[in-house]
Amino acid sequence: MNIGIIGAGHIGSALAVRLVSLGHSVLIANSRGPETLTDVAQKTGATPATAREAARHGDIIVVTIPLKNIPDLPKNLFEGVSADVPIIDTSNYYPMLRDGQIPELQSGSLTESEWVQQHLGRPVVKVFNNIYADHLENKGQPAGTPGRIALPVASDDAAAKKQVMKLVDELGFDAVDDGTLYESWRQQPGTPSYGADMPAEKLREHLASLGTERTEAQRAKFAANHAAQEQEMKNQGAQL
């Protein structure tokens, strides 16, 4: 496939390495221009491009940039891109370390990917947000391997979700349906599945145990968990 990656950070680079190794044609972009991506190209084998070029290249497009920068993407980024091209959103909300406070996410009135979808004006598929980049690059395994890591996949677009779930499997992970974007709070930071590398059966059981409607108690609990995680990351000097 032709795959466009917008964002050359940890997750974008890890995906580029794996996708190129699987034989896909990958264009990768950042906010500073393709001339700044020489090192990334050497590491990943992907071809540097502008964001518009990456968007127009894709049978699948991956948007993997800091959440706070989503509104800064060109308004015509997906102009001319077929409506049936899946757009993957990998973003997470880090109010303390990076993104500042976004009212809709602070209150829980929107999930992270609902907020992204509103800004992009196109349906998105939420995946690759709850796994460490190193694990994404190095821990994929053949289908049927005992303990194979499972990744939750959420979207309002059933056809796009199906395509992305096939790609997840090709990358070496079991794809578990996490419902709609409204339900994707179950894979956000602060929840038990975040960074946990659960196998498929355990992940399905966990998602089912949470229900589909986020209660205020759940929102408060997971927000507190996330705040504690962010504080620990800050104490350790983490860079996002």
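# Helices, sheet and cores

Colleague: Which residue follows H9?
Modeller: This is a predicted model, in which local features need pLDDT of at least 70 and side-chain atom pairs count only at pLDDT 80 or more, while totals for chains, interfaces and linings use all residues. Residues are numbered from 1 along each chain as its sequence is written, and side-chain values use heavy atoms, with hydrogens and water left out. Helices (DSSP H or I, at least four residues) and strands (DSSP E, at least two) are runs numbered from the N terminus. The residue that follows H9 has a positive phi, near 80 degrees, and is Gly211.

Colleague: Within what arc do the buried residues of H9 fall?
Modeller: Buried means under 20% relative accessible area, exposed over 50%, and partly exposed in between, with a 1.4 Å probe and protein chains only. In H9, residues 200–210, the buried residues are Ala200, Leu203, His206, Leu207 and Leu210. Seen down the axis of H9, with directions taken from the axis to the C-beta atoms, they line one face of the helix, because they fall within an arc of 130 degrees.

Colleague: Which residues are exposed on the face of H9 turned away from its buried side?
Modeller: The buried residues of H9 pack against strand E7 (150–155), strand E8 (174–177) and helix H10 (216–235), where contact means heavy atoms within 4.5 Å. The face turned away from that buried side carries the exposed residues Glu201, Ala208 and Ser209.

Colleague: At about what angle does H9 run to E8?
Modeller: Axes are lines fitted to C-alpha atoms, for helices over the stretch in contact, and angles run from 0 to 180 degrees between N-to-C directions. H9 lies across E7 and E8, and to E8 it runs at about 15 degrees.

Colleague: Which strands stand at the edges of the sheet?
Modeller: The sheet is open, has eight strands in the order E3-E2-E1-E4-E5-E6-E7-E8, and shows mixed pairing, where two strands pair if DSSP finds at least two bridges between them. Two of the strands each have a single partner strand, so one side of each is left without a neighbour in the sheet, and these edge strands are E3 (47–48) and E8.

Colleague: Which hand does the crossover from E7 to E8 have?
Modeller: E7 and E8 pair in the parallel sense over four bridges, and Pro152 stands opposite Val176 in E8. The chain crosses from E7 through helix H8 (residues 158–170) to E8 as a β-α-β crossover. A crossover has the right hand if, with the strands pointing away from the viewer, the path from the first strand over the helix to the second runs clockwise, and this one is right-handed.

Colleague: Which residue of E5 stands opposite Val62?
Modeller: In a regular strand, side chains alternate between the two faces of the sheet. In E4, Ile60 and Val62 point one way and Ile61 and Val63 the other way, and all are buried. E4 (residues 60–63) pairs with E5 (residues 87–89) in the parallel sense over three bridges. Val63 stands opposite Asp89 in E5, whereas Val62 stands opposite Ile88.

Colleague: How many residues has the largest nonpolar core?
Modeller: A nonpolar core is a set of buried Ala, Val, Leu, Ile, Met, Phe, Trp, Tyr and Cys residues joined through side-chain atoms within 4.5 Å. In the largest such core, the residues with the most contacts inside it are Ile5, Leu15, Phe128 and Val168, and the number of its residues is 32.

Colleague: About what phi does Phe128 have?
Modeller: Most residues other than glycine have a negative phi. Phe128 is found in the loop between E6 and H7 and counts as buried because its relative accessibility is 1%. Although Phe128 is not a glycine, its phi is positive, at about 70 degrees.

Colleague: Is Val153 buried or exposed?
Modeller: Val153 is found in strand E7, and from C-alpha to C-alpha it is 8.0 Å from Val164, eleven residues apart in sequence. Its relative accessibility is 0%, so Val153 counts as buried.

Colleague: How far apart in space are Gly80 and Ala55, C-alpha to C-alpha?
Modeller: Gly80 is found in the loop between E4 and E5, and it counts as exposed because its relative accessibility is 80%. Gly80 and Ala55 are 25 residues apart in sequence, and their C-alpha to C-alpha separation in space is 9.3 Å.
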